[in-house]
Amino acid sequence: MATTPTLAKADDEDESRTAVAHAARIEHVSKSFGGPADAQLVLDDISLDVAPGEFVTLLGASGCGKSTLLNLVAGLDSPTAGSLTTAGRPALMFQEHALFPWLTAGKNIELALRLRGVTKAERRPEAERLLELVRLGGSYGKRVHELSGGMRQRVALARALAQDSDLLLMDEPFAALDAITRDVLHDELTRIWRETGLSVLFVTHNVREAVRLAERVVLLSSRPGRIAREWTIDIPQPRRVEDAAVAELSVEITEELRKEIRRHGQH
Ligand SMILES: Nc1ncnc2c1ncn2[C@@H]1O[C@H](COP(=O)(O)OP(=O)(O)O)[C@@H](O)[C@H]1O
Ligand SMILES: [Mg+2]
């Protein structure tokens, strides 16, 4: 899952060169819901690339179309216009952990490994390794109801990592957690991202979270969702939400976000 093997693969296999040059490529994507009479344009001409190993956050007000765009990248829905490509099948993680409550933490992860074709003998040690990676070593036999909200999201992250995708799509995965737990999970996600070389497209409405995590923040406008602005974040990692540089840039981005919301008469 590291960046280097992915790039090496591109050199070896000429045909896949374009496929792996971007972890995700979104080209002139528009999406409408409803029929011809009551069509609602939700996304309007979105173009965005995620480079291999890059961490991009997609930031915008509620209802601006973030989940719609992520679902399109995931292949769960089709665009009305434009095209989307990803290097392989992306892994997904949502606000709700979506773990199977009748399975243990370990078995939830093993299910993803089985779907990936990992042999029975290899599943258990690999599930244990992934639980270690999200710092839940020793929780293999725990049932979902025995885990806190933060721990459930750690298992959900381990299960997403079990898919061994090059691209992780995250839709407000920490939005339901308290601030302290969220902080800790930000640290873990940054560490795992740096260790694995994964590409991440992370959706949030939380400006500080966007700045805390990303190498690039892309701001979506509302009604319809368009790319309003983007920022490259070169504050060294690991960052803290309370770092002065993070706070300062968050103020600037919040101001832009407010302008977007005012422009569209929301809230
Ligand atoms: N399946 C759907 N059918 C009709 N409208 C939808 C559907 N999915 C989303 N929408 C509409 O698209 C807009 C954007 O929704 P969504 O992508 O969930 O926003 P966000 O994730 O940014 O909060 C909303 O107005 C929502 O009502
Ligand atoms: Mg959403």
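A word on the model: it is predicted, so local features need pLDDT of at least 70 and side-chain atom pairs count only at pLDDT 80 or more, while totals for chains, interfaces and linings use all residues. Residues are numbered from 1 along each chain as its sequence is written, chains are lettered from A and ligands numbered from 1 in the order in which they are written, and side-chain values use heavy atoms, leaving out hydrogens and water.

The protein has nine helices and nine strands, taken as DSSP runs (H or I, at least four residues, for helices; E, at least two, for strands) and numbered from the N terminus.

Now, how many salt bridges does the structure hold? There are 19, each a side-chain nitrogen of Lys or Arg within 4 Å of a carboxyl oxygen of Asp or Glu.

Let's visit a few. D49 pairs with R25 at 2.9 Å, N to O; D49 sits in strand β2 and R25 in strand β1, 24 residues apart. R135 bridges to E188, with the closest N and O atoms 3.0 Å apart. That pair joins the loop between α5 and α6 to helix α7, 53 residues apart. E188 is buried, at 8% relative accessibility. Both residues also belong to a salt-bridge network with R154, R191 and E195.

Notes:
Buried < 20%, exposed > 50% of the residue type's maximum accessible area, 1.4 Å probe, protein only.
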